[in-house]
Structures are given as C-alpha cells and as structure tokens.
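Student: I would like to learn how to read surface patches and salt bridges. Can we work through one case together?

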Amino acid sequence: NSKLLLDYIKVPVYIRFNSIIANDSRINVSIFFGIYLGYLLDVQSYTAAQGIPGGIPDTLLAKFPNFKLRNLYNTFDFGLGAGAQFNVKLNERLYVNLGVRFDRSITDIENYNYALPADAPAEWEYPVSTVKSTRTSQITQQTNPPSQNISLNLYLGLTFKVKDVVEKHHPYQDNKEGQ
C-alpha cells in the first residue's frame with residue numbers, strides 16, 4: 001500500500017529516421033532509437049490513505065528523519081529507448097508533433113553498496129523493490145531480478161522553423177558544370 005516516486009532527468013542520444021517531406025505533403029513520420037543516461041534527482045515515498053489522492057508521506061521517514069531514500073538508489077541510470085512521432089505541417093513554419101517513446105533501464109537502479117542503519121525498517125532492506133514484512137536474508141542481490149526503470153511517454157509538441165535553408169553552390173562546382 002505504499003509507492004516510491006523516482007524523479008529522473010534523462011538525456012537521450014538517438015538515431016532518428018524521417019520520412020521524406022514533399023512540398024505538397026502535410027504529414028511525415030519519424031522513428032528513433034538509441035540510448036539514454038538518467039540522473040536521479042529525488043525519491044519520495046508515499047503510503048496509500050483513504051480519501052487522500054496520491055497518499056500521504058511515509059511515516060517511516062518521520063521516524064528516521066536523517067535517512068535519505070535517495071541513498072537506496074544509484075545516482076545514474078543507463079538504458080535503451082525507442083519511439084515514433086507524427087509531424088503534421090500546419091503552415092510553412094509551424095508543425096505539430098505527436099509521439100510515443102519507450103525507455104527501459106539496462107542497469108540495476110538499486111544501490112547495493114549502501115549500508116543501511118542497524119535500526120532501519122524491513123521495507124528498506126535490499127532488494128527495495130520486493131515486498132517484505134520482516135527482515136530476511138533469503139532474498140539477496142544475486143537471487144532477485146534487477147530493479148529497472150521502465151517508462152512509456154506520450155507527448156505533444158510544436159516545432160517552429162526559424163529560417164529556410166538555402167543551398168550554396170561552390171564556385172569550383174559551378175565552373176566545372178559549365179565546362
């Protein structure tokens with residue numbers, strides 16, 4: 001009945017393929033795939049509560065005010081991503097973009113190198129992503145599947161074309177064509 005919210009900044013490095021835009025076409029499609037690097041900004045824990053949307057802050061954190069949940073997770077995440085996007089031309093300089101992107105970690109996001117305080121609650125024992133009611137040594141890093149970020153992003157955007165690109169001819173090429 002509790003949940004963790006992990007806030008990441010992700011920097012994608014993608015290869016993108018666009019369909020050809022003819023002068024009279026209004027829609028083109030882009031597909032992309034690649035890698036991303038994520039940086040963990042913050043971790044928040046909430047406990048479900050009747051009548052309170054999203055829950056209330058975790059009471060365990062009130063009992064352990066100096067403990068930072070961020071310590072249970074690695075600062076950096078590395079993963080793969082892919083997606084598709086539709087680009088609709090509204091006029092010569094304005095496009096509407098509608099897309100979907102899927103990201104998945106290829107590294108374990110839990111920080112197994114952090115030593116928990118001796119009086120830490122069982123919920124913070126590794127692996128953090130596994131439900132526990134008491135301390136147990138049977139579940140370990142080796143027997144638990146890795147904890148990974150998986151996200152599906154839907155987005156809507158606008159693209160503004162600042163200026164037209166004009167091809168410049170090199171003088172050497174112009175002379176060569178005339179010969």
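Student: Which residues make the nonpolar surface patch?

Tutor: Some ground rules come before the case. This is a predicted model, where local features need pLDDT of at least 70, side-chain atom pairs count only at pLDDT 80 or more, and totals for chains, interfaces and linings use all residues. Residues are numbered from 1 along each chain as its sequence is written, and side-chain values use heavy atoms, with hydrogens and water left out. Patch residues have over 30% relative accessible area and no salt bridge; like charges are joined within 9 Å, nonpolar side chains (Val, Leu, Ile, Met, Phe, Trp, Tyr) within 5 Å. Areas come from the Shrake-Rupley method with a 1.4 Å probe, and for residues only the protein chains shown count as cover. Here I9, V11, V13, I35, L37, Y39, L41, F76, F78, L80 and I106 make a nonpolar patch of about 980 Å².

Student: Which elements give two or more residues to the patch?

Tutor: Strands are DSSP runs of E, at least two residues, numbered from the N terminus. The contributors at that level are β1 (2-18), β2 (27-49) and β4 (76-89). β2 gives the most, with 4 residues.

Student: Where does I106 lie?

Tutor: I106 sits in the loop between β5 (94-105) and β6 (150-160). Buried means under 20% relative accessible area, exposed over 50%, and partly exposed in between (1.4 Å probe, protein chains only). I106 is at 45%, so it counts as partly exposed.

Student: How many salt bridges does the structure hold?

Tutor: A salt bridge puts a side-chain nitrogen of Lys or Arg within 4 Å of a carboxyl oxygen of Asp or Glu. The structure holds 3. In one of them, K10 meets D103 at 3.6 Å, N to O. That pair links distant parts of the chain: K10 is in strand β1 and D103 in strand β5, 93 residues apart.

Student: Is D103 buried or exposed?

Tutor: D103 is buried, at 0% relative accessible area. K10 is partly exposed, at 22%.

Student: What does E92 pair with?

Tutor: E92 forms a salt bridge with K89, the closest N and O atoms being 3.5 Å apart. E92 counts as exposed at 55%, whereas K89 is buried at 11%.
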